[in-house]
Amino acid sequence: DGAEPPDAEEAESADEVRSVQELIDALTHGESVGTLVDPKMRIRVQQIVDQAETAMREGEFFRAEDRFDVALQLNPGNPMLEGGLANAQIGAGLYRSAGVTLARLFRDHELMIDLQWEAGLIPNETRLKIAASEIRAMIRKNPGNAGALGLVLAYIGRQIGDPALVVEGLDLIDDSKLQRQVEDRKSTRL
């Protein structure tokens with residue numbers, strides 16, 4: 001008949017009938033998952049953040065903005081990365097983008113309003129003062145679109161310790177919920 005007889009191992013396993021519980025036990029490895037971030041991905045995010053921080057310290061704000069953007073794609077919603085992105089956008093002169101980033105950050109993570117960044121993680125004071133001047137010029141050209149820019153002004157004021165700039169920026173914010181959050185923080189800090 002030409003068919004080869006099954007070897008002894010195949011015959012033995014065919015005779016074993018496993019119970020449902022034995023099958024469940026065989027499929028259960030007893031480990032739980034506490035994160036969706038693969039450890040290798042976590043390492044990659046850290047490498048990208050390190051690149052972003054290096055770029056910030058070297059004044060390469062467009063590169064830093066790109067690196068923070070990539071890191072946020074891998075670790076979305078991380079408030080520290082969003083803050084880093086906003087700082088890079090300010091340094092790069094992307095003020096409207098910084099306004100959008102800061103508004104999202106402060107709506108989602110209210111405690112970030114009060115955060116003071118250390119040197120190297122934000123443009124230096126001279127660059128921030130130049131940014132404030134450029135933002136004021138943008139507002140003069142288009143005063144109807146000043147809300148997000150006002151937020152950036154207030155943020156810069158907070159970072160350089162200029163209460164008058166904070167107030168100037170707050171007066172321009174047209175987002176009532178965000179303005180209340182910022183003003184609540186302002187009243188406890190200024």
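## Fold and composition

The chain of this predicted model contains 10 helices and 0 strands, and its elements, followed from the N terminus, run α-α-α-α-α-α-α-α-α-α.

Of the 190 residues in the chain, 36% are buried, while the accessible surface comes to about 11600 Å², with 51% of that area belonging to carbon and sulfur atoms. Among the contacts in the chain with a separation of 6 or more, 58% are accounted for by residues 24 or more positions apart.

## Arg67 in helix α4

Arg67 has its place in helix α4, which spans residues 61-74. The relative accessible area of Arg67 is 13%, and because buried means under 20%, Arg67 is classed as buried.

The side chain of Arg67 makes a polar contact, at 3.1 Å, with the side chain of Asp66. When the neighbours of Arg67 within four places in sequence are set aside, the residues in contact with Arg67 are Arg44, Ile48, Gln51 and Ala52.

Glu58 lies in the loop between α3, which covers 39-57, and α4. The relative accessibility of Glu58 is 53%, and since exposed means over 50%, Glu58 therefore counts as exposed, whereas Arg67 is buried.

Glu58 also forms one end of a pair that is separated in sequence, for Glu58 and Gly120 are 62 residues apart along the chain, yet their C-alpha to C-alpha distance in space is 8.1 Å.

Technical notes: Residues numbered from 1 in each chain as written. Predicted model: local features only at pLDDT ≥ 70, side-chain atom pairs only at ≥ 80, totals over all residues. Heavy atoms only, no water. Helix = DSSP H or I, 4+ residues; strand = E, 2+ residues; numbered from the N terminus. Buried < 20%, exposed > 50% of the residue type's maximum accessible area, 1.4 Å probe, protein only. Polar contact = N/O pair within 3.5 Å; in protein donor to acceptor, adjacent residues only side chain to side chain. Contact = heavy atoms within 4.5 Å. Areas by Shrake-Rupley, 256 points an atom, 1.4 Å probe, with all protein chains shown as cover.
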